[in-house]
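Here is a short tour to read with the structure open beside you. Take the sections in any order you like.

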Amino acid sequence: MRSSVIIFPGSNCDRDMDVALKKFGFKNQMVWHNDQSIPKSDLIVLPGGFSYGDYLRCGSIASKSKIIKSVIDFANSGGLVLGICNGFQILTETGLLKGILQQNKFLNFICSNVFVKVKDKQNKYFKDLKKDVLELHIAHNEGNYFCSDDELKLLQDNNQIAVTYCGEDGTENEATNPNGAIKNIAGIFNENKNVLGMMPHPERMIDKYLSGEDGSLFFKNILDNFK
Amino acid sequence: MKIKVIVTLKNGVLDPQGKAIQQTLNGMNFGNVEDVRQGKFFEIEVKEKDEKKAKSLVDEMCKKLLANLVIEDYKIV
């Protein structure tokens, strides 16, 4: 499976993502934001970081960068596009995903492990995933997902909510919501579920000695579903 | 021509920074501050003499980049 990771000025999880993808057998390439086109890929990843210094709004400048048109075309033709953290923020700013990531409710930068519940498995990312609750890592200042009531209803009706913050046992409530996100939302899909944006970093959970391995499950699952 | 734009959060959208500023002001004995909403202010120099045209251009800029209409409103002043 071929993947491409887009690097924006200020991306800082691009190499972690590269390491993670290659570890599980993706043929990964790095693509610079100023390039006109993306090499043939089965998956495009927008990595975490602070693209363009988070100026104006997180992800807003990157969402107008040169390479983005190719990403949007790829997504609209059904290609898999994964946005992690800042990548999720960029995807909402392009309009590929609904809503926006606002500043965390308590104005703090959060860096910690969290549990997320997989809400939908009828998609190429989570289909046949053996676990329902994953332990992943978050590190963000703007992860407070917000959308209008109408949009939320659409997300719920179409099962576009991908993952939600929860406790180790899967409980979703205010206490297990780190940033104030509406309905504990940690990640969502587009309508066709080929575009996934989420705040947690699976690429940080791929080593049993350093972190944990629930991220490994995530990447292996994408590969298994591609076969 | 210089065009000025104010971008604010829509009513009902949580503004944690505004809230923190309000609480700080309250703590500084500005007890009558009931609410603070924080926004952004832009001054845009447009190479255009016709005010109507310039404002219409800035309007397009607001829609496409300066404001995110999911949570923000803008006003050209």
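## Confidence in the model

Chain B has a mean pLDDT of 95, and 100% of its residues reach 70 or more. This is a predicted model, and for the complex the predictor reports an ipTM of 0.80 together with a pTM of 0.93.

## Where the chains meet

How many residues does each chain bring to the contact? Chain A supplies 11 residues and chain B supplies 7 residues. On the side of chain A that touches chain B, the residues divide into 4 nonpolar, 4 polar and 3 charged.

## The sheet of chain A

In chain A, 9 strands make up an open sheet with mixed pairing, and their order is S2-S1-S3-S4-S11-S10-S9-S6-S7. The edges are strand S2 (27-32) and strand S7 (133-140) of chain A, each of which pairs on one side only. On average, neighbouring strands of this sheet are turned by 25 degrees against each other, direction ignored. Helix H5 (residues 214-226) of chain A packs on the sheet, where it touches strand S3 (43-46) and S7 of chain A. The direction of helix H5 makes about 105 degrees with that of S7(A).

## Two loop residues with positive phi

Which loop of chain A holds Asp128(A)? Look between strand S6 (110-118) and S7 of chain A. Asp128(A) has a positive phi of about 65 degrees, although it is not a glycine. Is Asp128(A) buried or exposed? Asp128(A) counts as exposed because 8 other C-beta atoms lie within 10 Å, and the cut-off for exposed is 12 or fewer.

Asn29(B) is not a glycine either, yet its phi is positive, at about 75 degrees. You will find Asn29(B) in the loop between helix H1 (16-27) and strand S2 (39-45) of chain B. With 7 other C-beta atoms within 10 Å, Asn29(B) is exposed.

## A buried loop residue in chain A

Gln160(A) sits in the loop between helix H4 (149-157) and strand S9 (161-166) of chain A. Why does Gln160(A) count as buried? Gln160(A) has 25 C-beta neighbours inside 10 Å, and a residue is buried if there are 20 or more. Leaving aside neighbours within four places in sequence, Gln160(A) is in contact with Leu155(A), Ile188(A), Phe189(A) and Glu191(A). Gln160(A) and Cys85(A) are 75 residues apart along the chain, and their C-alpha atoms are separated by 17 Å.

## A helix residue in chain B

Ile21(B) belongs to helix H1 of chain B. Ile21(B) is partly exposed, with 15 other C-beta atoms within 10 Å. Not counting residues up to four places away in sequence, Ile21(B) touches Val36(B) and Gln38(B). From Ile21(B) to Lys49(B) there are 28 residues in sequence and 39 Å in space, C-alpha to C-alpha.

Technical notes: Residues are numbered from 1 along each chain as its sequence is written. Chains are lettered from A and ligands numbered from 1 in the order in which they are written. This is a predicted model: local features need pLDDT of at least 70, side-chain atom pairs count only at pLDDT 80 or more; totals for chains, interfaces and linings use all residues. Two residues are in contact if their C-beta atoms, placed from the backbone, lie within 7 Å. Ala, Val, Leu, Ile, Met, Phe, Trp, Tyr, Cys and Pro count as nonpolar, Asp, Glu, Lys and Arg as charged, and the others, Gly among them, as polar. Two strands pair if DSSP finds at least two bridges between them. Helices (H or I, at least four residues) and strands (E, at least two) are DSSP runs, numbered from the N terminus. Axes are lines fitted to C-alpha atoms, for helices over the stretch in contact, and angles run from 0 to 180 degrees between N-to-C directions. pLDDT is the predictor's confidence in each residue, from 0 to 100.
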